[in-house]
Amino acid sequence: MKRIVLLVLVFLIAGCGRQPDPTFDNSVVMRKAEPLTDPRDGRTYQTVRIGTQVWMAENLNYGVAVEDCEQSDNSIAEKTFYNNDPDAEQAYGALYTWNEAMQWTQQQGAQGVCPPGWHVPTREDWAYAAQRARCRFIRTKTQSIKNRFHFLGRKQCDRIHSHLVRGGLS
């Protein structure tokens with residue numbers, strides 16, 4: 001089963017996963033999956049299944065809180081919050097730089113800050129999820145998240161779009 005977790009990063013959004021489950025019925029584009037409990041801190045996250053992949057439906061919030069840009073290669077998962085405001089944790093979860101999210105490796109599909117058995121999604125993971133939802137993403141020049149990406153073609157694209165939360169500097 002492919003498991004992917006959504007992380008709001010300082011500069012982009014990332015996620016985590018496993019190998020696809022060949023017995024899964026791909027006819028359902030997106031549906032709720034079993035919740036994930038992170039064994040490192042006991043937090044529980046809702047998940048959704050897109051095709052053979054399982055993605056976190058909530059932002060990861062794991063690690064030690066530090067100020068923006070003070071994340072370092074020290075084998076400790078370090079997070080920050082939008083505007084360095086811990087009250088923003090409820091709305092956005094934790095923010096990670098790309099290097100911190102990957103835990104300072106360049107290996108595609110690395111676990112990074114994800115729970116055990118999950119990984120930061122690769123371009124192929126993102127492309128697969130978009131293809132399964134039959135959505136096309138078109139970046140526009142406007143700053144509004146509602147206008148930043150146009151989801152074309154299907155109702156599930158609108159459902160995905162309506163659940164996006166702008167965070168960080170992406």
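Is Arg40 buried, partly exposed or exposed, judged by its relative accessibility? At 28% relative accessibility, Arg40 counts as partly exposed, where buried means under 20% relative accessible area, exposed means over 50%, and partly exposed lies in between, as computed with a 1.4 Å probe on protein chains only. The structure described here is a predicted model, in which local features need a pLDDT of at least 70 and side-chain atom pairs count only at pLDDT 80 or more, while totals for chains, interfaces and linings use all residues. Residues are numbered from 1 along each chain as its sequence is written, and side-chain values use heavy atoms, with hydrogens and water left out.

The charged side chains are described next. Side chains of opposite charge can pair when their charged atoms come close. A salt bridge is taken here as a side-chain nitrogen of Lys or Arg within 4 Å of a carboxyl oxygen of Asp or Glu, and a search of the whole structure finds three of them. In one, the side chains of Arg40 and Asp38 meet at 2.7 Å, N to O; Arg40 is partly exposed, whereas Asp38, at 0% relative accessibility, counts as buried. Arg40 also lies over the face of Tyr62, at 3.6 Å from the ring centre, a placement that requires NZ of Lys or CZ of Arg to be within 6 Å of the ring centre and within 35 degrees of the ring normal.

Arg43 takes part in a salt bridge with Asp41, with an N to O distance of 3.5 Å, and Glu89 forms a salt bridge with Arg43, the closest N and O atoms again being 3.5 Å apart. The pair of Glu89 and Arg43 links distant parts of the chain, 46 residues apart, since Glu89 belongs to helix H1 (residues 89-92) and Arg43 to the loop between strand E4 (30-37) and strand E5 (44-50). Helices (H or I, at least four residues) and strands (E, at least two) are DSSP runs, numbered from the N terminus. Arg43 is partly exposed, with a relative accessible area of 35%, Asp41 is partly exposed at 34%, and Glu89 counts as partly exposed at 23%.

Aromatic side chains were examined by a ring criterion, under which rings of Phe, Tyr and Trp (its six-membered ring) pair if their centres lie within 6.5 Å, with planes under 30 degrees apart counted as stacked, over 60 as edge-to-face and the rest as tilted. By this rule the count comes to two aromatic pairs. Trp55 and Trp126 form a tilted pair, 4.7 Å centre to centre with 55° between the planes. Trp55 lies in strand E6 (residues 53-56) and Trp126 in helix H3 (residues 123-132), so the pair ties together parts that are 71 residues apart in sequence. Trp55 is buried, with a relative accessible area of 3%, whereas Trp126 counts as partly exposed at 33%. Tyr82 and Tyr92 also form a tilted pair, 4.9 Å centre to centre with 40° between the planes. Here Tyr82 lies in the loop between E8 and H1 and Tyr92 in helix H1, so the parts tied together are 10 residues apart in sequence. Tyr82 is partly exposed, with a relative accessible area of 31%.

In soluble globular proteins, nonpolar side chains tend to be buried together. A nonpolar core is defined as a set of buried Ala, Val, Leu, Ile, Met, Phe, Trp, Tyr and Cys residues joined through side-chain atoms within 4.5 Å. The largest such core in this model has 16 residues, and those with the most contacts inside it are Leu36, Tyr45, Met56, Leu60, Tyr96, Val113 and Trp118. Strands E4 and E6 each supply at least two residues of this core.

Ala77 is found in the loop between strand E7 (64-65) and strand E8 (78-79), and Ala77 is buried, with a relative accessible area of 12%. Although Ala77 and Val64 are 13 residues apart in sequence, their C-alpha atoms are 6.2 Å apart in space. When residues up to four places away in sequence are not counted, Ala77 touches Tyr62, Gly63, Val64, Glu100, Gln103 and Val113, contact meaning heavy atoms within 4.5 Å.

Gln103 is placed in the loop between helix H2 (98-101) and H3, and has a positive phi of about 55° although it is not a glycine. Trp104 is also in the loop between H2 and H3, with a positive phi near 65° in a residue other than glycine. Gln103 counts as partly exposed at 25% relative accessibility, and Trp104 counts as partly exposed at 30%.
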